[in-house]
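Please examine the sequence and the three-dimensional model shown here.

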Amino acid sequence: EVLAPLTYSVSGMAIDAAIRGRGISLGQGFFAIDSIKRHDLVAPFKIALPMPFPYFICWKRAVADSPATRQFLDWLIGEAEQTGRDIKAVFGD
């Protein structure tokens, strides 16, 4: 059975469709890495395009000076670094 081509503007939808067997997906490793680690998806090629600094975090200076904000930022950076290592292990440099 040949299915009509599908196009998604949201990475999560494209990844979900690939998991359900509706084809292949091109998308950001960040959104696919958990599904790849669970073996719901397979990355057939070690191909990646660099996306330097695709996300930013912003807040008022007064908030940035609080210990709770620093703790949150440290946690967020740690999570991002781990995700980056996971993505690199699957897709390479």
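## Basis of the report

This is a predicted model, in which local features need pLDDT of at least 70 and side-chain atom pairs count only at pLDDT 80 or more, whereas totals for chains, interfaces and linings use all residues. Residues are numbered from 1 along each chain as its sequence is written, and side-chain values use heavy atoms, with hydrogens and water left out.

## Helix 1 and helix 2

Two packed helices are described by the angle between their axes and the distance between the axes. Helix 1 (residues 11–19) and helix 2 (residues 29–37) have axes that come within 9 Å and cross at roughly 25°. Helix 1 is therefore roughly parallel to helix 2 (angles under 35 degrees count as roughly parallel, and 65 to 115 as roughly perpendicular). Helices here are DSSP runs of H or I with at least four residues, numbered from the N terminus. Axes are lines fitted to C-alpha atoms over the stretch in contact, and angles run from 0 to 180 degrees between N-to-C directions.

In this pair, Ser-11, Ile-15 and Ile-19 of helix 1 meet Phe-31, Ala-32 and Ser-35 of helix 2 (contact means heavy atoms within 4.5 Å). The residues of this contact divide into 4 nonpolar, 2 polar and no charged. Ala, Val, Leu, Ile, Met, Phe, Trp, Tyr, Cys and Pro count as nonpolar, Asp, Glu, Lys and Arg as charged, and the others, Gly among them, as polar.

## Helix 2 and helix 4

Helix 2 also packs with helix 4, at an angle of about 70° and with the axes 10 Å apart. The two helices are therefore roughly perpendicular to each other.

On helix 2, Gly-29, Phe-30, Ile-33, Ile-36 and Lys-37 meet Thr-83, Asp-86, Ile-87, Val-90 and Phe-91 on helix 4. By class, this contact has 6 nonpolar, 2 polar and 2 charged residues.

Methods: Parallel < 35°, antiparallel > 145°, perpendicular 65-115°, else oblique.
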